[in-house]
Amino acid sequence: TTGNPKGVMVEHLSLVNRFKYMIDFSHITDSDIYLFKTNYTFDASVADIFIHLLSGSRLIITIDHFDMVEIKKLLKKYNVNNMHCVPSQFLLLIDSININSLTKIHLTGEAVTSNLIKRIPININAYDYYGPTELGEITSNFVEKNKQPSLGKVFSNSKAYILDNNMAPVPIGVIGEL
């Protein structure tokens with residue numbers, strides 16, 4: 001981020017489709033215990049909160065947004081099995097605290113690299129979501145060991161267009177902007 005607020009209005013129109021897709025894709029159930037450590041004003045927080053509440057998951061809310069001592073304590077105290085991180089935060093967690101209770105991690109906001117994929121513990125299912133702020137997440141990928149990182153596939157009931165600098169669709173295989 002540039003540090004300057006964009007002032008982007010995110011409409012509610014597509015939220016039901018998005019939430020249902022994310023719940024199904026990530027196998028979120030009422031047995032999940034989700035650690036919410038994101039600032040509630042961040043666009044990703046809407047999905048973080050509601051996909052878990054709508055699925056009946058338990059939501060554990062941190063006091064601070066990314067305090068390693070608090071996260072370590074909450075992971076252990078509540079046996080948290082599910083959380084969201086940008087990849088650089090997840091690498092910090094792997095290196096700093098015991099994350100044995102985690103079985104699901106939702107990755108967004110930064111590219112998932114081959115190095116990160118190699119470091120994901122075997123007991124954790126990683127789900128990578130991508131999308132510009134104006135749309136929220138719109139693509140998903142189940143991160144698998146020994147596979148190249150990918151943006152994955154577009155959510156069901158959604159379309160994505162790859163455009164050139166003039167906002168015209170580009171042919172398949174040509175680089176453009178989502």
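Predicted model: local features only at pLDDT ≥ 70, side-chain atom pairs only at ≥ 80, totals over all residues.
View 1. Residues are numbered from 1 along each chain as its sequence is written, and side-chain values use heavy atoms, with hydrogens and water left out. Along the principal axes, the C-alpha atoms fill a box of roughly 50 × 35 × 35 Å. The secondary structure comes to five helices and seven strands, in the order α-β-α-β-α-β-α-β-α-β-β-β. Here helices (H or I, at least four residues) and strands (E, at least two) are DSSP runs, numbered from the N terminus. Buried residues make up 39% of the chain; buried means under 20% relative accessible area, exposed over 50%, and partly exposed in between (1.4 Å probe, protein chains only).

**View 2. Helix 4 and its buried face.** In helix 4, residues 87-96, the buried residues are Pro87, Phe90, Leu91 and Leu93. Looking down the helix axis, these fall within an arc of 160°, so they line one face of the helix. The arc is that of the directions from the helix axis to the C-beta atoms. As background, an α-helix has 3.6 residues a turn, so residues three or four places apart point the same way. Helix 3 (68-78), strand 3 (82-85), strand 4 (104-107) and helix 5 (114-119) are what the buried residues of helix 4 pack against. Contact means heavy atoms within 4.5 Å.

**View 3. Helix 2 and what covers it.** Helix 2 spans residues 44-54, and its buried residues are Ala44, Ser45, Ala47, Asp48, Ile49, Ile51 and His52. Their cover includes helix 1 (15-25), strand 1 (33-36), strand 2, strand 3 and strand 4. Just after helix 2, look for Gly56, which takes a positive phi of about 85°.

**View 4. Met83 and Arg58, two strand residues.** Met83 sits in strand 3 and counts as buried, at 0% relative accessibility. Leaving out residues up to four places away in sequence, Met83 touches Tyr34, Leu35, Lys37, Leu75, Leu93, Leu102, Lys104, Ile105 and His106. Arg58 belongs to strand 2 (residues 58-61) and is partly exposed, with a relative accessible area of 44%. Beyond its neighbours within four places in sequence, Arg58 is in contact with Asp32, Ile33, Tyr34 and Tyr78.

**View 5. Asn146 and Met167, each with a positive phi.** Asn146 is not a glycine, yet has a positive phi of about 65°. Asn146 lies in the loop between strand 6 (139-143) and strand 7 (153-154) and is exposed, with a relative accessible area of 82%. Met167 is not a glycine either, and has a positive phi of about 65°. You'll find Met167 in the segment after strand 7, where Met167 counts as exposed at 61% relative accessibility.
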